Every structure is written in C-alpha cells, then in structure tokens.
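I wanted a closer look at how this pair of chains is put together. These are my notes, in the order I looked things up.

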Amino acid sequence: MSLLQVKNLVVEFPGRRGTLRALDDISFEIAPGEILGVVGESGAGKSLTGASIIGLLEPPGRVASGQILLEGERIDNLGHEQMRRIRGRRIGAIFQDPLTSLNPLYTVGRQLVETIQTHLPVSAEEARRRAIGLLQDTGIPAAEQRIDHYPHQFSGGMRQRVVIALALAAEPKLIVADEPTTALDVSIQAQIITLLKTICKQHGAAVMLITHDMGVIAETCDRVAVMYAGRIAEIGPVHEVINHPAHPYTVGLMASIPDMAVDRERLNQIDGAMPRLNAIPHGCAFNPRCPKVFDRCKSERPELMDAGATRAACWLHDAKSRGGAA
Amino acid sequence: MSALVQAHDLAKTFDVSPPWLNRVLEGKPRQLLQAVDGVSFEIEKGKTLALVGESGCGKSTVARLLVGLYEPTRGGLNFDGQDAHAAFKVPEGRKLRRRIQMIFQDPYASLNPRWIVEDIIGEPLKEHGLITDKAALKARVGELLKSVGLSPLDMVKYPHQFSGGQRQRISIARALATEPEFLVCDEPTSALDVSVQAQVLNIMKDLQRERGLTYLFISHNLAVVRHVSDQVGVMYLGRLVELADKQTLFANPRHPYTRMLLDAIPEMHNTGRARTPVQGEVPNPLNPPSGCSFHPRCPYANERCKSERPQLLSIAGAKIACHAVEEGRI
C-alpha cells in the first residue's frame, strides 16, 4: 500500500476579486521508502503541494476538494491539534532556509530534545542521547559539544544538517523537503543531498523532494513529477522523464538547462512565461507556449495518460487525437 | 593589441572591527577582512571572462571594484589603456563610467518600484546628458526595449507589472542605454527559473555578437559559465586559483578546488551515480588558513601547502596556483 496518496487535490485562495485555483486536481502516490521529486518553475505549485500535505497552508489558502491519505488514513480534514501531532511524528519537514527553521534563542540540543520528547515517550537523558546520535548521523563533528551550541554558531551547511536531524527526530515515515539545498553552495549541496539520501534510506523514510534543480532530482529521486501552472504535467521514473520526456513542457524544460557535456551556441528557450493564476488558458495551460499545439489543446483539458514509460497530461499521447496531431 | 580590460593585483580590504567603544572597553583588536587579495586578469574586446566560486569568495567584490563602486586597497584597473580608478575621481571620469555598466543579480531590488520603465531606462541617458529632447528619449527607450525583446509599449508600466525574466531584461536595457563597451554582470540569471534563464542568456549572447560587447560574467553555476564564457577564473577566498580558456578548464581541470567544484555538480543523464562529496566548508575569511587557503579541504595537501602560499603560475596553457600541480604531484 502507498504511504501517501494524494487524490484530486484542489487548493484555492479566495480573494476579493474571485477565487484563485492554485492547485488544480493533483493526484500522485509515494511508496514507503521512495524518493519522489517534484520539479517546476516558480509559481507552478510545488511548495503549495508540500504545504498542503504537512497541513501548513497559509490562510486564506484552503483545500477545496480532494483527499490526502497517509497510510490509508485521511489527514486533510484533521483539526489543528491532531495535525500538530502528525507533523513531526509521522511527517517531517525540511525547509529552504535553515536559519529560519531553527529557533535562534534555544540551543540545537534543546530543540532536538523537545521534538523527541513531544512525540516519543522517552526520558530526558534518553532524548539527549538520541539527539547526539542524530547529530552524529547527519555528520556533525564533535556532536557532544555542538549539541549545546546555538544556531548562529553553525554555518549554513551545518545548520541544514541540524534541520535534517530535527526532521528525523521522531522517526517519521515521510519527509517533505522543500528546496533543502537551494540556499547552499554547490559543494555543500552535494554533501547535503548525499546525506539526505543515505540517512532516509537508513531510517526507512520516504521523501518528497521539492526543488527547481533538475540535476538534484536526477541524482536523488526514484520518480519525478513535473508541475506546470498548478497541475502535474508529467510523472514517471526519473531517468525516463529526463531522457525521454513525453510532455512538450518537460522537453522544453530539459533543453533549456545548460548542459556540462554539450556545447551549444544557443540554449533552447520556451518563449513566453507561465500564466498567472487568474489567467490560466482554456484547455491545456501550456498551449500558448507549446510548439506542438493543435486544436484539441485549446478546448479540452488533458488529464494524465500513459505516454511510453511515463504518464503525461498531453493530448499528443491520446489515441483519438493522434491522427489530428500529425 | 592589448586587452580592453586589464585588472592587475586588485585587492580590497574591509574594516570589520567592532565599534571604537567596544575596542577600548573590551580590548578587542581591529579586524580586517581581505575580501579580494591580488586578483589579476585581462579580457580581450568582445570576449567573456567568467568568475566562479562559492559564496564569500570575493567575486561580487571584484565586480564592484571594476565598475568603481569600491575603491581598491591595492592594484587597479586599466580600461582601454587608461587607469580607470584615477579617471573615476575626476569630472571627466563620467565618460569612462558611460563605457562600463553593470547588471545586478536581483531584478526585484535593482529597479526602482516607483518609477515607470521609461524613467528607469532613460535615467542613465539623462544623467550623462546624452539625450535631452523628450521625444528623442522616448524613441531611444523604445529602441532599447525592442533590443531586449520587450515592446516599446511597455515603457509606461511599473516594474511590478513584469515577471522576473522581463525585469532582468529591463536591467539589461538600462545597462545598454549609454552604449557601453564593457558589461559587468553579477549573477544575472541566478534569481531566474531555468527556462527564463535560457531566454536571458540567449539575449546576452545575441547582444554581444551584435555590439561587440565585453563581459565579465559572475556566477556560481558552472554549467551556465560553460555556456557563456571564453575564459574562466575560479576564485577561492579572495584569490584566483585557476584561470584558463573554457575548453582547457572544463576538459582538463587542474586545481583540486576546480575539480571539486566540477565534481559537485549533479549530473542529469547519469542518474544514480554515487559521488564522493568533498568534505569541509569554506573557511572563515576573517581567519584564513595559512599557506594555501584550500589546504584544509585538499586531498593533496602536504607540509609546503600549509606554510607557503602558492602563486598563480603558467602551467601547460593555464594559470594555476597550486604547489601540487607545480610539483607534478597531480
């Protein structure tokens, strides 16, 4: 059974000038121990997807319809207090900026111990022992001394290690990591990615890794979901999506990334920009920018369908419209 | 012909001492931060030099030194044969400032939110007294907008009405307004999404070809650097550790730090590759290591590296500051 199931999730932001639909009918699953990457450009809805799973949607945003199931149990309709108990215990979270995820007034040890004791029935000494163990696991040198230091005494990379330790403190089954390496330099990014991968395997935790960096996805994930304008454009095994993308948006996205291996005079560019939420085009949201657009794309919205080894929301892969496309 | 841009032994030291009262009462010493320490390079007309390195290595300080936003502590810049920093000080220096322009990283912070695009792009033209006639100014701003792929009709809009990529194009149009020969670009695409980054990089390359622009391109993204540059300089803790042609550097990186940076880039098409990330982090620049500042993280470091600072030497077509490479150990 899947660890996490998201079924037809719709997230809306009611406003004075009408309601904005930020996530529109999103469905995906994460298996136990799996690493799912979620990639897309700013405003595609990747972070919102993560926030709705951990129950931290900023009001007035709300889940308008659809379901989120954790181990077969609905968590999208839980109250504040119930959700607080799940967060940390069963779903851990890692955010982009390690400095704002830690309380600057408490030592990292106190924060770790507090998290462990909130969720697990252990004594203070046991919690501290575990906290030191977690810091060691995440590769912090001299953990026995470092545990009594404050966040500002750590460097950016070290702080992100502390945040990972904190996310793992109550041994959750799922970790939602929202751009965990974006604020870090490449050499530190490589260390953190490797750490995240090995430590989650060690603890048997599944990861939903949200990032805009295709390279990070390629290195880390088992499967990847590509988002565009609040919907999933394509989802599938990571090497399939990267090497044989089926959705024209994924094709364009992959081609626009400067490649270390190939020298090109010009980069491929996708003309235009992602539509604003209040002006999502009719039919397929990508149709005004799509090089392979045809009539059906402008009138009818495609759902995810089989496209080779992946699933893509694109009429090119529908048997009925294939004749018209050529 | 000598190169258009010649930086020789550029250095910048910042005084980051505690306030006077704390120094007196608590006996704290003065503290100096060596942000850039003896950086030299040349850029030929129409070429691009890229500077890469991690946060805090001094690449942005170099950019600011070149456009005259900072006064160098030591060394200087020769632009088209004249001493730029001496020229910036006298009133005629304006002519030189017109020829060197800068594009900043953050397209949200670098445009005045209360000005319309016409005023933003027209400001350098008015400031340098290039165009005084109102109609001519409008026409010129329209032309500039067209050259970066925007519409002249956009000139009555405010920055918030544009997306990040469009804003960065406005920054480019503003930088081009005075018809400069040399553009200093400080991480111009790192705030942008990849598909938008591709649009901006393509425009920058087109403009370079059309106008023979010379670029100093600062970035931490090696793939982007590989795409835009002719020459690449790798910086670590305020110094150049390797300076080479793009082909040489990417095909045959010599300095251990360059190798580490290249190794740290996630690969797209070789998924699941296990890599050995280099341990350690950039040291505190207030208290840099002795000798070669990379030695605490370097797998090839020996006693000499800990005590003697390597100089940038020409080795096999590249300039490298490393004892191990010089001695033929790697």
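Entry 1: I started at B:Met235, which stands opposite B:Leu240 in S10(B). Strand S10 (239–245) of chain B is joined to S9(B) by 6 bridges, and the two run antiparallel. I count strands as paired if DSSP finds at least two bridges between them. Strands here are DSSP runs of E with at least two residues, helices are runs of H or I with at least four, and both are numbered from the N terminus. The hairpin of S9(B) and S10(B) has 2 residues between the strands, and B:Leu237 takes a positive phi near 50 degrees in it.

Before going on, I noted that this is a predicted model, where local features need pLDDT of at least 70, side-chain atom pairs count only at pLDDT 80 or more, and totals for chains, interfaces and linings use all residues. Residues are numbered from 1 along each chain as its sequence is written, while chains are lettered from A and ligands numbered from 1 in the order in which they are written.

**Entry 2: the other partner of S9(B).** I found 4 bridges joining strand S3 (residues 48–52) of chain B to S9(B), and these two run parallel. B:Leu49 has B:Gln231 as its bridge partner in S9(B). Is S9(B) mostly covered or mostly open? S9(B) is mostly covered, with 5 of its 6 residues buried. Buried means 20 or more other C-beta atoms within 10 Å of the residue's own; 12 or fewer is exposed, in between is partly exposed, and C-beta atoms are placed from the backbone.

**Entry 3: the whole sheet in chain B.** I traced an open sheet of 8 strands in the order S6-S7-S8-S3-S9-S10-S12-S11, with mixed pairing. Strand S6 (100–103) and strand S11 (313–315) of chain B stand at the edges with a single partner strand each, so one side of each has no neighbour in the sheet. Neighbouring strands are turned by 20 degrees against each other on average, direction ignored. For the angles, axes are lines fitted to C-alpha atoms (for helices, over the stretch in contact), and values run from 0 to 180 degrees between N-to-C directions.

Entry 4: Next I checked helix H11 (residues 256–264) of chain B, whose buried residues are B:Pro256, B:Tyr257, B:Thr258, B:Met260, B:Leu261 and B:Ala264. They pack against helix H7 (186–203) of chain A, and also against elements of chain B, among them S9, S10 and helix H10 (246–251). Contact here means C-beta atoms, placed from the backbone, within 7 Å.

**Entry 5: the chain A–chain B contact.** How many residues does each chain put in? Chain A gives 35 residues and chain B gives 32. H7(A) supplies the largest share of the chain A side, 7 residues. By class, that side has 15 nonpolar, 15 polar and 5 charged residues. Ala, Val, Leu, Ile, Met, Phe, Trp, Tyr, Cys and Pro count as nonpolar, Asp, Glu, Lys and Arg as charged, and the others, Gly among them, as polar.

**Entry 6: an enclosed strand in chain A.** Why is strand S8 (residues 206–211) of chain A largely enclosed by the rest of the structure? I see that 6 of its 6 residues are buried, so the rest of the structure largely encloses it. A:Ala206, A:Met208 and A:Ile210 point one way, while A:Val207, A:Leu209 and A:Thr211 point the other. S8(A) runs parallel to strand S3 (residues 35–39) of chain A, with 5 bridges, and A:Gly37 has A:Leu209 as its bridge partner. Strand S7 (residues 174–178) of chain A is also joined to S8(A) by 5 bridges, again parallel, and A:Asp178 is bridged to A:Ile210. The chain gets from S7(A) to S8(A) through H7(A) in a right-handed β-α-β crossover (clockwise from the first strand over the helix to the second, with the strands pointing away from the viewer).

How values were computed. Contact = placed C-beta atoms within 7 Å.
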